[in-house]
Amino acid sequence: MIPDNLFGIHTKALDVWQRRSEVLANNLANTDTPDFKARDVDFAKVLAAASGSTDAGRLALDAPAPGQIGSANQTANALAYRVPTQPSMDGNTVDEQVEQAAFAANGVHYQASLSFITAQIRMLRTAITGGQG
Amino acid sequence: MSLFSIFNVAGSGMAAQSLRLNTVASNLANADSVASTPEAAYRSREPLFSAVQKQVGMGNQDAGQGVRVLGVSESQAAIPNRYEPGNPLADADGYVYASNVNPVDELVNMISASRSYQNNVEVMNSTRQLLQKTLDLGK
């Protein structure tokens, strides 16, 4: 029997990696913008929120009526500001090397999630064709 | 899909940096220009960058939409004058007014702009590869 959630956490992880690469690309585009503060996505927190698990010991704010603002969405989308390693005269906190490294690592993680999904599809195809395809 | 918006973000960065390179080229080309009055003298130009933020719903911080150029500012540094009575542009007292371009500043700006441009190109290339891999998903 095929499980409901075929690709596990990887479809959600792909979303988060995409969002993170967008944030990092924005940091890199604003390398020379005065007073720009570099931001990043807290991957573990966002993925936990996306996959529905709440933090241990903490109850999520209940939003029973439609239109009320719940806490889950806010923490999930909140971006954190990077702590600068070096001060700069124009108040910009983008460190090109740090951002480039993070962007490269992010791309590798994205590809890892992609290959997990590909492997899952291959496995199913093997099961369907009985190894004949 | 947010990978597509990276093309816009990196594209805005490339556009901003190429405008910066453009002002550098203009400044360096006019480094030795002279004029008859201090007002007409060439002043060093520099673009002013600003981050683009899209305002969306409460508590939802947007990833940002790249960078834009607010405008080009002219340097307020003093205009140097030289005594050159033989120059056809000299004023009644024999002075010409040169530009206030500092070539060292411009070269530093040029290196910084071209590095930042390359960074944005790299971001675009990596994103293109990731999208290509996503298209090949399951093959």
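## Strand pairing in chain B

Two strands pair if DSSP finds at least two bridges between them, and strands here are DSSP runs (E) of at least two residues, just as helices are runs (H or I) of at least four residues, both numbered from the N terminus. In this predicted model, local features need pLDDT of at least 70 and side-chain atom pairs count only at pLDDT 80 or more, whereas totals for chains, interfaces and linings use all residues. Residues are numbered from 1 along each chain as its sequence is written, chains are lettered from A and ligands numbered from 1 in the order in which they are written, and side-chain values use heavy atoms, with hydrogens and water left out.

Strand S5 (residues 95-98) of chain B is joined by two bridges to strand S1 (residues 34-35) of chain B, the two running antiparallel, and Val34(B) stands opposite Ala98(B) in S5(B). Three bridges also join S5(B), again antiparallel, to strand S4 (residues 81-83) of chain B, where Tyr83(B) has Tyr95(B) as its bridge partner.

Pro84(A) lies in the loop between strand S2 (80-81) and helix H4 (96-129) of chain A. Its relative accessibility is 43%, so Pro84(A) counts as partly exposed (buried means under 20% relative accessible area, exposed over 50%, and partly exposed in between, with a 1.4 Å probe and protein chains only).

## Helix H4 of chain A

The buried residues of H4(A) include Phe103(A), Tyr110(A) and Leu114(A), and among what covers the buried residues are helix H1 (10-29) of chain A and helix H1 (2-29) of chain B, contact meaning heavy atoms within 4.5 Å. Just after H4(A), Gly130(A) takes a positive phi of about 65°.
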